[in-house]
Amino acid sequence: MKVKFNNRDPVYVQVIRHFKEQIASGYFEPGQEIPSRRELANQLKINPNTAQRAYKEMEEQGLILTEGNLPSRISKDEQVLEMVREELILEAVDTFVHSIRSINIPIHEALHLAKDKYEEGN
Amino acid sequence: MEWGILMIEIKDVTKKFGKKKVLNGVSFTAEKGKITCLIGINGVGKTTIMKAIMALSPIASGEILIDGKKIHKESYEKITFIPDTITMLPQMQIRDAFVFMADFYDSWNQARASELLRFFKLQETDRISDLSKGNTAKVNLILGLAMDVDYVLMDEPFSGIDIFSREQIADVFTSHLIEDRGVIITTHEINDIEHLIDKVVLLDNGVVLKEFDTEEIREKEGKSVVDVMREVYEA
């Protein structure tokens, strides 16, 4: 696991974002065990306090579950996981639309190109 | 031990070298479990503050408390200072330096020293005078981190060493070797550790210009540590 952090967004927010991407992409499966806070801090080269904060926030959002002293797991709640996917799609589309609109490109032209590029990338 | 004051408190500390005021009413706190970074160009009093905390150098006025108490003889088993140069004799092997520390301090933890030695890929039979600058800095760091203390003060641990050594040292900050301790670190280059520190104290000419929590400033103001430094120092 390697993440490039920017300097202006809270690191814990970027960690959560990273988890959401891993969930949406299917890298993390529902119910899958995730690293301990300490392991995560080590893997991502972050402060253990930051890892702790990210996990706490993700627990509150229902993205991960921690029962007693057992390792934390990704939620199995379909609704939560679907929401993560939707959130990431909407965010990406918003960025796309914003960039296209700011340079006055008609949407059908942009979509056409987007489709070509996407398929090229496969 | 009293509750709720697990921190180092620096309260309105002043100090003079001759007529020159080097600390001119410095106040800040460094909590246990957090990494606090003192930033400022050379000569603003960073090292002086660390020496004052350790009572290695007397202060003119003000007060410094560790967990609510003034520093006393037993405090040296609870707090340690890693100076910017190693204080062991150059002809010593690393293991001799370890014996020296074990003789001096009850809180010396040999198992942890060996673990750190492996982490940094050093041999205990290496002679200190034969080590590269980066490896000397690592041994120096081990001498402090292998102590079972609550607080660790590090003076410029990243200064003047190669990038790979810097990365290795930064890795220590993400590990259990630091976890739960209170750390104060001084630096004039923040880049390597911007993501690792909890708190920043910006110093200039013997005063604290700003003290802030790094995640909070990113969250509330969308600013990096360097953004804040630019604002404060270029204002």
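Residues are numbered from 1 along each chain as its sequence is written, with chains lettered from A and ligands numbered from 1 in the order in which they are written. Because the model is predicted, local features need pLDDT of at least 70 and side-chain atom pairs count only at pLDDT 80 or more, while totals for chains, interfaces and linings use all residues; side-chain values use heavy atoms, without hydrogens and water.

**View 1. Packing of helix H1 (residues 11-24) on helix H3 (residues 48-60) in chain A.** The two axes lie 9 Å apart at an angle of about 55° (axes are lines fitted to C-alpha atoms, for helices over the stretch in contact; angles run from 0 to 180 degrees between N-to-C directions). Helices are DSSP runs of H or I with at least four residues, numbered from the N terminus. The crossing of H1(A) and H3(A) is right-handed, that is, the near helix is turned clockwise from the far one by less than a right angle. H1(A) contributes A:Val11, A:Tyr12, A:Val15, A:Ile16 and A:Phe19 to the contact, and H3(A) contributes A:Thr50, A:Arg53, A:Ala54, A:Tyr55, A:Glu57 and A:Met58 (contact means heavy atoms within 4.5 Å). By class, this contact has eight nonpolar, one polar and two charged residues (Ala, Val, Leu, Ile, Met, Phe, Trp, Tyr, Cys and Pro count as nonpolar, Asp, Glu, Lys and Arg as charged, the others, Gly among them, as polar).

**View 2. Salt bridge between B:Glu219 and A:Arg53.** The N to O distance in this side-chain pair is 3.2 Å (a salt bridge is a side-chain nitrogen of Lys or Arg within 4 Å of a carboxyl oxygen of Asp or Glu). Four salt bridges are counted between chain A and chain B.

**View 3. Interface of chain A and chain B.** Chain A supplies 19 residues to the contact and chain B supplies 21 residues. The chains bury about 1,700 Å² between them, 42% of it on carbon and sulfur atoms (buried area is the accessible area, 1.4 Å probe, that two parts lose on being put together, summed over both).

**View 4. Helix H4 (residues 133-145) and helix H5 (residues 163-172) of chain B.** Their axes come within 10 Å and cross at roughly 15°, so H4(B) and H5(B) are roughly parallel to each other.

Key
Helix = DSSP H or I, 4+ residues; strand = E, 2+ residues; numbered from the N terminus. Parallel < 35°, antiparallel > 145°, perpendicular 65-115°, else oblique.
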